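Dear colleague,

Please find below the structure that I am handing over to you, together with its sequence. My notes on what was found in it follow directly after.

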Amino acid sequence: MNILTFDIEEWFHLLENDYSKNEDDWNKFEVRIHHNMERIFRILEDTHSRGTFFCLGWIAKKYPEVIRQISELGYEVGCHSANHQLVHQLSPAVFREDTISAVKRLEDILGKKITAYRAPGFSITEATPWAFEILAEAGITHDSSVFPAHRAHGGFPSFPSHTPAIINYKGITIKEFPITTTKLLGKDIVFGGGGYFRLFPYPLIKHWTQQQQYMLAYLHPRDLDAGQPMLPGLSTFRKFKSYNGLKGAEHKLMKWLTDFEFIDIETTVKKINWAEILVIDLSDAY
């Protein structure tokens, strides 16, 4: 199964950059979300693809029409936090406030329950299993925050499954959809999203996709926006990671969605026999 997801945020929502770290800074930047969303909708329509849209609460507050359009077009809407902060840098109390406020804002706009979540930067780690308890409190039933490899923003390399699993934490359960990895030179790498997707040539992405029984792709509107400005304050490495491959990304995504059928998480949940899925108990974690 191939699952397509999008993290709906603005082009300047890069993590751990002092020039775009706080909400007060975000109003200073050019608005590009509407044009970028129209591009995504056109690509999905042209390729007859489905996807889950993890939406930032800040986007919902500033541009509720974007959230409504996603839903009106029949796509699944999930939550991507309120203010795009790394979970492992928050206290449980702050994470609870952030999550519940974002979920409520999305639900108020759409008039229906939000049951899917993804943490900014896939930042639920070995040190923050308590986050799953808070997600369940907010009504989340399926999550896609686990990055089962090392990562600059956190990562969860000890996570024992690279395919869908059920997380148990002190009696609550959440269906988890981890990011897909493959082996390269003996290491787990990610190829199906963000800078990784833009960096690797399409024949490699196609080859690795063909090897997967479970493939979860993740993209941001900015990944397809070749005309976006250069964000101030980035190191040379961050500039390369954030801007490489933008010009060819739209064509690459069109090719990927043409060669493979992609569905959303909501549809996948119904297809899986969860009675046969691995249960991972994190109750005794950190």
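**Helix packing**

Helix 2 (residues 33–47) packs with helix 4 (residues 64–72) at an angle of about 5 degrees, and their axes are 11 Å apart. Because angles under 35 degrees count as roughly parallel, helix 2 is described as roughly parallel to helix 4. On the side of helix 2, the contact is made by His 34, Met 37, Glu 38 and Phe 41. Helix 4 contributes Glu 65, Val 66, Gln 69 and Ile 70 to this contact. Sorted by class, the contact of helix 2 with helix 4 comprises four nonpolar, two polar and two charged residues. Please bear in mind throughout that this is a predicted model.

Helix 4 also packs with helix 5 (residues 92–110); here the axes come within 10 Å and cross at roughly 65 degrees. Since angles of 65 to 115 degrees count as roughly perpendicular, helix 4 and helix 5 are therefore roughly perpendicular to each other. The crossing in which helix 4 passes helix 5 is right-handed. Pro 64, Ile 67, Arg 68 and Ser 71 of helix 4 make this contact with Leu 106, Ile 109 and Leu 110 of helix 5. The contact of helix 4 with helix 5 has five nonpolar residues, one polar and one charged.

Helix 5 in turn packs with helix 6 (residues 130–137), and the axes of these two helices come within 10 Å and cross at roughly 35 degrees. Helix 5 passes helix 6 in a right-handed crossing. From helix 5, the residues in contact are Pro 92, Phe 95, Arg 96, Thr 99 and Ile 100. From helix 6, they are Trp 130, Ala 131, Ile 134, Leu 135 and Glu 137. By class, the contact of helix 5 with helix 6 has seven nonpolar, one polar and two charged residues.

**Strand pairing**

Strand 8 (residues 165–169) pairs with strand 9 in the antiparallel sense over five bridges. The two strands form a hairpin with two residues between them, and Lys 170 in the turn has a positive phi of about 55 degrees. Within this pairing, Ile 166 stands opposite Lys 175 in strand 9, while the bridge partner of Asn 168 in strand 9 is Thr 173.

Strand 8 is joined by three bridges to strand 13 (residues 279–281), and the two run parallel.

**Two buried residues**

Val 146 lies in the loop between strand 5 (142–143) and strand 6 (150–151). With a relative accessible area of 0%, Val 146 is buried, because buried means under 20%. Leaving aside residues up to four places away in sequence, Val 146 touches Phe 132, Phe 156, Phe 159, Glu 176, Pro 178 and Ile 179. Val 146 and Tyr 202 are 56 residues apart in sequence, and 25 Å separates them in space, C-alpha to C-alpha.

Thr 182 has its place in strand 10 (residues 182–184). Thr 182 has a relative accessible area of 9% and is therefore buried by the same cut-off of under 20%. Not counting residues up to four places away in sequence, Thr 182 touches Lys 187, Asp 188, Ile 189, Phe 191, Trp 208, Gln 211 and Gln 212.

With kind regards

Terms used: Residues numbered from 1 in each chain as written. Predicted model: local features only at pLDDT ≥ 70, side-chain atom pairs only at ≥ 80, totals over all residues. Heavy atoms only, no water. Axes fitted to C-alpha atoms, helices over the stretch in contact; angles between N-to-C directions. Helix = DSSP H or I, 4+ residues; strand = E, 2+ residues; numbered from the N terminus. Parallel < 35°, antiparallel > 145°, perpendicular 65-115°, else oblique. Contact = heavy atoms within 4.5 Å. Nonpolar A, V, L, I, M, F, W, Y, C, P; charged D, E, K, R; others polar. Buried < 20%, exposed > 50% of the residue type's maximum accessible area, 1.4 Å probe, protein only. Left-handed = near helix turned anticlockwise from the far one by under 90°. Pairing = 2+ DSSP bridges.
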